[in-house]
Structures are given as C-alpha cells and as structure tokens.
Amino acid sequence: MNAPLAKWHRLLITGAAGEIGSVIRPALADTAEALRLLDQRPITNPAGAEALVGDITDAGFLDHAMAGVDCVFHLAGIPRETGGSPDEILHSNVIGTHGVFAAARKHGVRRFIFASSNHVIGFYPAEADVGPDVPSRPSGFYGASKAYGEALGRLHADKFGMEVACLRIGAFRAEPGNARELGAWISHGDMAALAKAVVQAPRFHFLVLYGVSANSRAKWGGDAAARAHIGYVPRDNAENWAATLAGKTATPGSPAALFHGGSVCEIGFTGDPGRIA
Ligand SMILES: NC(=O)c1ccc[n+]([C@@H]2O[C@H](COP(=O)([O-])OP(=O)(O)OC[C@H]3O[C@@H](n4cnc5c(N)ncnc54)[C@H](O)[C@@H]3O)[C@@H](O)[C@H]2O)c1
C-alpha cells in the first residue's frame, strides 16, 4: 500500500520570498515538522518558519541550508525570459539549480520538487496537444534552463534514488491576462493545492506534471496518471474570463501566435516560422 506521507521532518522552500513562494507557504506549513525558507531577498512574515537569506550559487550557504532537510521545493531562480540576460539565467537557473541538487544529494534529501515551466515545450505548434514525455523545445534561454533542471531531476531519480517531481507551471496569476492564458493559467488557489498535493503524495520515482488550472482550453496534458497519483484536482477555470480576453490575441502568423510559448517565442526571434514543423 502506497500510503500518503505523514509529515516531512524539514521542508526547505527555495525562492520563498517570491510570488509563488508567498502563495504556497501557508499551504505547506503543516506538511513538515519544520519549515525552512531560503531566498536571496529578505523573507517577510516567515510565520514561525526559519528564514535564511543567501544565494543558491553559494555552495557553503547551501550546505548549511540543506542540513536536516528531507524534502525540497525549489523555486529560486529567474522566473522569465526577460528577467535577466542569458548569462544571468545560466548563473541562477542552471548553476544555481545544479548546486541545489548537489546539496540535496549530499544531505540525503528524499523528495525534490522542481519548479519547471511550460516554456520547456514552447516551440511546439500551438494547435498541437503536448504531453509530458516529448523532447524539449524551449521557448528561449529560460526554457532551456528549465530543461536542464528537468534532466538533473531525472538523473537524481534514476541514479541516486531521489523522488523528483517537475512541475511545468503555466501562467501563475490572480487572473488570466490574455487569450493564451485561457489555456495556460494556474490560479493562486490551484497552485497552492498542487504544491500541497505533490509534497504530501505517496512515494514516487519521477513525475512531470503541467501546473495549470482546470481550463477548458488546456493544451498540455498526458499527465493524468501523475495527477491522480499525487491527488491534484484543480478547481478554477480560465474560461470565466473568455469573453473579456477574446480580443487579446497575438498577431496572426507571428511566432507568438504559432507556438505554445506565445510571446516568449518571439523575443529575439530571427528564424523562419515556415520551417518549424
Ligand atoms: N510565475 C510563473 O508564472 C511561473 C511559471 C512557470 C515557472 N515558474 C517558476 O517558479 C519559480 C518561482 O517563480 P515566481 O513567479 O515566484 O518568481 P519570483 O521572482 O517572484 O520568485 C523567485 C525568487 O527566487 C529568488 N532567487 C532568484 N535567484 C536566486 C538566487 N540565485 N539565490 C537565491 N534566491 C534567488 C528571488 O529573490 C525571488 O524571490 C521560478 O523558478 C519560476 O521560473 C513561475
């Protein structure tokens, strides 16, 4: 019987001062005997949790932060293509994530949840349904950094026996903001529910899930077994905003309209959309 976990001993949330971290923290408070929060920015209102300020590219700091931890929720990093140069994305998202996995491995962490992104599969044609097992086609350098994180996750599951879940989060907002987000949106409430479900799930080996609400126009899927395993049941549906967002579409024929990654595919685009199958 693969029963749900009782409680973790110590859960570490990296990037805890950020938008998603601030929303999921309260939902995760009772999933562990102790909660440790980490960010390079000061963490306001830690609500009884231990708060550590430092950089995930600092190995000594990470070694200290990982002591006694058995579950990691790794959010820290640059959260979008325009959040930094390709070199800055490499530094925080690739080198940083590499370091968080290495420290987790050293300290015998059992479960690692990685905040991946839908931008791992951004250059698939917008009309195609995309599952969790297709080769990566990043929307940009940010998506490529998340593909590396997912590969590290697979490695740590297969080679080192760590339980790893990669959440390909969609557009995390209070409300969807354009027509693309009618499929890609994840509400604050559903993100908190997803985080809690994956932290508390029965044992698993390696999972990839799309982090989206119960959107009627969702284009990403194929992850029903993983959702069922962790017990994620989204409640919200972006369709409630369909009438107001109908006109907020990308220019027909542009990379933003043609591919799953939307406007992120368009940033710095110098290719030929007609050659992308
Ligand atoms: N918000 C979304 O729609 C979305 C979608 C897909 C994936 N994600 C991923 O979820 C995670 C959290 O996103 P968010 O929207 O909360 O972003 P955010 O920028 O609000 O939070 C990220 C946090 O990470 C911290 N951080 C960045 N680099 C760091 C470093 N080197 N060392 C320590 N801390 C560092 C930042 O200070 C920040 O508080 C990110 O990894 C992002 O890529 C977000």
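Biologist: Which element gives the largest share of the shell around the ligand?

Modeller: Before I answer, please note that this is a predicted model, in which local features need pLDDT of at least 70, side-chain atom pairs count only at pLDDT 80 or more, and totals for chains, interfaces and linings use all residues. Residues are numbered from 1 along each chain as its sequence is written. Helices (H or I, at least four residues) and strands (E, at least two) are DSSP runs, numbered from the N terminus. A residue is near a molecule if its C-beta atom, placed from the backbone, lies within 6 Å of it. Here the largest share of the shell, 3 residues, comes from helix 1. The elements giving two or more residues to the shell are helix 1 (19–28), helix 3 (86–106), strand 5 (111–117) and strand 7 (171–172).

Biologist: Which residues come nearest to the ligand?

Modeller: There are 23 residues around the ligand, and G15, G18, I20, P79 and I169 come nearest.

Biologist: How many bridges join strand 6 to strand 9?

Modeller: Strand 6 (residues 163–169) is joined to strand 9 by 6 bridges, and the two run parallel. You can find R168 opposite Y210 in strand 9, and L167 opposite L209. Strand 1 and strand 2 also pair in the parallel sense, over 6 bridges, with R10 standing opposite A34 in strand 2.

Biologist: Is strand 1 mostly covered or mostly uncovered?

Modeller: For this we count neighbours: a residue is buried if 20 or more other C-beta atoms lie within 10 Å of its own, exposed if 12 or fewer, and partly exposed in between, with C-beta atoms placed from the backbone. Strand 1 (residues 8–14) is mostly covered, since 5 of its 7 residues are buried. Strand 9 is mostly covered too, with 5 of its 6 residues buried.

Biologist: Which residues have the most contacts inside the largest nonpolar core?

Modeller: A nonpolar core is a set of buried Ala, Val, Leu, Ile, Met, Phe, Trp, Tyr and Cys residues joined through C-beta atoms within 7 Å. The largest one here has 79 residues, and L11 and V72 have the most contacts inside it. Helix 6 (residues 188–200) supplies the largest share of this core, 6 residues. Two residues are in contact if their C-beta atoms, placed from the backbone, lie within 7 Å. Leaving out residues up to four places away in sequence, L11 touches L28, T31, A32, L35, C71, F73 and V199.

Biologist: Why does N45 count as exposed?

Modeller: N45 counts as exposed because it has 10 C-beta neighbours inside 10 Å. N45 sits in the loop between strand 2 (32–39) and strand 3, and has a positive phi of about 50° although it is not a glycine. A47 is in the loop between strand 2 and strand 3, and its phi is near 50°, a positive value in a residue other than glycine. A47 counts as exposed because it has 12 C-beta neighbours inside 10 Å.

Biologist: And R137: is it buried or exposed?

Modeller: R137 is buried, because 21 other C-beta atoms lie within 10 Å. Its place is in the loop between strand 5 and helix 4 (141–160). Leaving aside neighbours within four places in sequence, R137 is in contact with I121, G122, F123 and Y124. From R137 to F123, 14 residues apart in sequence, the C-alpha to C-alpha distance is 5.2 Å.

Conventions:
Pairing = 2+ DSSP bridges.
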